[in-house]
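Please study the sequence and the model before reading on.

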Amino acid sequence: MIEVQQITKRYGQHTALDCVSFSVAKGEVLAFLGPNGAGKTTAMRILTCFMPATEGMARVAGFDCADQPMEVKRRIGYLPETPPVYQELTVTEYLQFVGRLRGLSGNILTSSMQREIERLGLGAVQHRLIGNLSRGYRQRVGLAQALLHDPQVLILDEPTVGLDPKQIIEIRELIKNLAGSHSVILSTHILPEATAVCQRVVIISGGRIVAEDTPEQLSARLRQSEKISLTLKSPAADTDSRLKTVPGVQNVFTSGDSSTFLLECELGRDVREEVAHLAVTSGWGLLELKAISMTLEDVFLQLTRHEEGLAPDAVVASVEPTGQPV
Amino acid sequence: MTPVQAIIAKELRSYFVSPVVYAVGAVFLLIVGLLAYLYVVFAGAQAIQLMQVQGSAQINLNDLVFRNLFASTRFILLIVLPILTMRLFAEERKLRTFEFLLTSPVGINEIVAGKFMSVFLVFLGLLGLTGIMPLVLALFCDFDWYPVLTGYLGLVLLGALFLSVGVLASALTENQIVAAFVSIGLLLVLWLLAGLGSLLGDTALGQAVSYLSFMEHYDHLVRGLIDTKDLVYFFSSLALMLFLAHRVVDSARWK
C-alpha cells in the first residue's frame with residue numbers, strides 16, 4: 001500500500017532523510033520510532049505530498065507522490081504534529097469544511113461526521129468553538145479530521161500526544177481496529193505504544209533507518225541470550241578467549257576501554273558464578289559483574305544514540321552484539 | 001459544494017466571527033461617510049458663493065463630490081484592504097493548518113482562488129454599503145449616474161488589485177503584521193510609479209512606468225471612461241499577483 005524507496009531529503013546542507021526505504025502492506029500498522037529531529041515528520045510530509053523528496057520514490061496505493069499528488073492525497077488521512085484545527089469554527093463546522101474539501105457531500109458527509117463524532121467521543125463538544133477546547137479534544141478533532149473520508153492510508157504524527165491515559169488506551173484500540181482495513185503509519189516516541197498497536201516498527205535516527213522489525217521478532221531477539229557485563233581491573237591478553245571457554249558463554253565483546261566485557265550467554269543459564277570464579281583465579285581484578293536486562297528503552301537509546309562519523313552499517317553492527325534492533 | 005466554495009464559505013465564516021471585519025468595516029464606512037459629508041458641504045458652500053456672485057448657481061456634483069470621493073477612497077482602500085487580506089495565508093502558516101490545507105486533495109489554484117474570492121466578497125459587501133451615499137444624494141439633487149457607476153467599477157477593479165497584492169504578501173510570511181506592511185508598501189510603490197512616470201515625461205520609458213501604476217487607469221474610470229486598455233491592465237495585474245501568490249504558496253512547501 002505504501003512503498004518508499006531510497007528517499008533522501010536535504011534542506012540545504014542538512015540531510016533530514018538519507019536513503020530511507022520501507023514499505024507498508026495493506027492493513028498493516030507501522031510505527032516510526034525515533035528521537036526528536038530524526039526525520040519522522042519529514043518522511044510523513046513526503047508521503048502526504050506536502051513536500052517533495054530530493055531523491056527517491058514514494059508511492060501510496062500505487063500512485064507516485066511526486067507525479068500524482070491528488071490521487072495520493074485523496075487516499076490519505078493525515079494528522080500532523082499539531083492538530084490542524086481552525087479555532088474560530090465549531091467542531092461540526094470544521095468537520096463539514098474538511099469533508100467538503102475532500103469532496104464529501106449530502107448524506108455521506110453527514111453520516112461520516114456522525115460516525116467520527118461518535119467514534120472519538122466528541123458528541124458533548126460538537127457545537128463548541130474549537131478554540132475553547134482542551135488540547136486532548138483538539139487532538140481528537142484532528143483525528144476525526146484524518147478519518148473523516150475513510151481513507152485507505154492513515155498517517156498519524158504522534159496521535160496520542162496530549163491525551164489522558166484513558167483516551168490513549170481508547171485511541172490505541174481505535175488504531176488497532178483500523179488495522180486490517182486500513183494501512184497506518186504512526187510516529188511516536190513512546191515505546192510501549194509502538195509495541196501495543198503496531199505490527200512492525202521502524203526505528204529512525206539521524207535521517208536513517210537503524211532497525212526494522214516486528215515487535216514479536218524483536219522480543220524473540222530480546223530473549224535470544226542473556227547478557228552479562230564484566231569489568232576487570234587488569235585483563236590479560238587472552239581474557240576474551242578464556243571467557244569463551246566458560247560453558248554457556250556464546251560470545252564475548254570488548255567495549256570502550258577494553259577492560260569492560262560483554263558476555264552473551266545461552267538463554268536461561270546464569271554463568272555469573274563461573275565467570276567470577278575464573279576472574280578471581282586468573283587474577284584479573286574483578287571490579288564489577290552484572291546481568292544486563294535490556295528494556296526496549298535501552299535498545300532504543302542505543303540504536304538512536306548519535307555517534308559522529310559512524311556509518312549506518314557500523315551503527316547496526318555496534319548494536320548487533322547487544323542484539324536488539326527493534 | 002466544490003472545494004473552492006467550501007473554502008469561500010469557511011473564510012467568510014472566519015471573517016465574520018473575528019472582530020477584524022467589523023472594525024475594518026466600521027472605520028472604512030465612517031471615513032468614507034465623513035469624506036462624502038465634507039465634500040457635499042464644500043459643494044454647498046461653493047454653490048452659495050456662486051449664488052451671491054452670479055445670482056444663480058449650477059454646480060456639478062460629479063466633479064465636486066464624486067470625483068473627490070473616489071480619489072480619497074483609493075487611499076482609504078490602500079490602508080484598509082491589506083488589513084483584511086493579511087490573515088489569509090499568514091494565519092494558516094502560524095497555526096499550522098497550512099500543512100493540512102496543502103495535503104487536502106485541493107489544488108493550490110483552488111486554495112488561492114477561494115481565499116481571494118472570500119475577501120473580495122467581503123470587500124464588495126463593504127463597497128455596496130457605501131452605495132447609500134449616491135442613493136441619498138440622488139433624492140435631493142441631480143447628477144450624472146454614468147461616471148458614478150464607472151467610478152464604482154473602478155473601485156471594484158482597484159480593490160481586486162489591492163486584495164490580490166495582499167494575498168501575495170500574506171503568502172510570503174507567517175507574520176500578519178509583516179504581511180499587511182508589505183502589501184501597503186507594494187501598493188504605495190505602485191502608486192508612486194505614477195509620479196515617477198510623469199517625472200520621466202512623455203518618453204517611452206515614462207509612459208511604460210506610468211502604465212504600471214494603477215493611477216491613470218483608475219482615473220479614466222472615475223472620469224467615466226471605460227477603456228479596454230485599462231481593463232486589460234486591471235485584469236492582467238490581478239492575474240499576475242494571484243499567479244505569484246500561487247507560486248509562493250507552492251514554494252513554501254519546499255522549505
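**Exercise 1.** At what angle do helix α3 (residues 61-85) of chain B and α6(B) pack, and how far apart are their axes?

*Solution.* The model is predicted: local features need pLDDT of at least 70, side-chain atom pairs count only at pLDDT 80 or more, and totals for chains, interfaces and linings use all residues. Residues are numbered from 1 along each chain as its sequence is written, while chains are lettered from A and ligands numbered from 1 in the order in which they are written.

Step 1. Helices (H or I, at least four residues) and strands (E, at least two) are DSSP runs, numbered from the N terminus. Axes are lines fitted to C-alpha atoms, for helices over the stretch in contact, and angles run from 0 to 180 degrees between N-to-C directions. For α3(B) and α6(B) the angle is about 140 degrees, and the axes are 10 Å apart.

Step 2. The pair is therefore oblique, given that angles under 35 degrees count as roughly parallel, over 145 as roughly antiparallel, 65 to 115 as roughly perpendicular and the rest as oblique.

Step 3. From α3(B), B:Leu81, B:Leu84 and B:Thr85 make the contact with B:Val119, B:Val122 and B:Phe123 of α6(B); contact requires C-beta atoms, placed from the backbone, within 7 Å.

**Exercise 2.** Describe how chain A meets chain B.

*Solution.* Step 1. In chain A, 20 residues are in contact with 19 residues of chain B.

Step 1. Both α2 (69-74) and α3 (91-101) of chain A supply at least two residues of this side, and the largest share, four residues, comes from α3(A).

**Exercise 3.** Is A:Glu226 buried or exposed?

*Solution.* Step 1. A:Glu226 lies in strand β11 (residues 226-232) of chain A.

Step 1. A:Glu226 counts as buried because it has 21 C-beta neighbours inside 10 Å; 20 or more make a residue buried, 12 or fewer exposed, and numbers in between partly exposed, with C-beta atoms placed from the backbone.

Step 2. Not counting residues up to four places away in sequence, A:Glu226 touches A:Cys265, A:Leu267, A:Arg269 and A:Ala291.

Notes: Contact = placed C-beta atoms within 7 Å.
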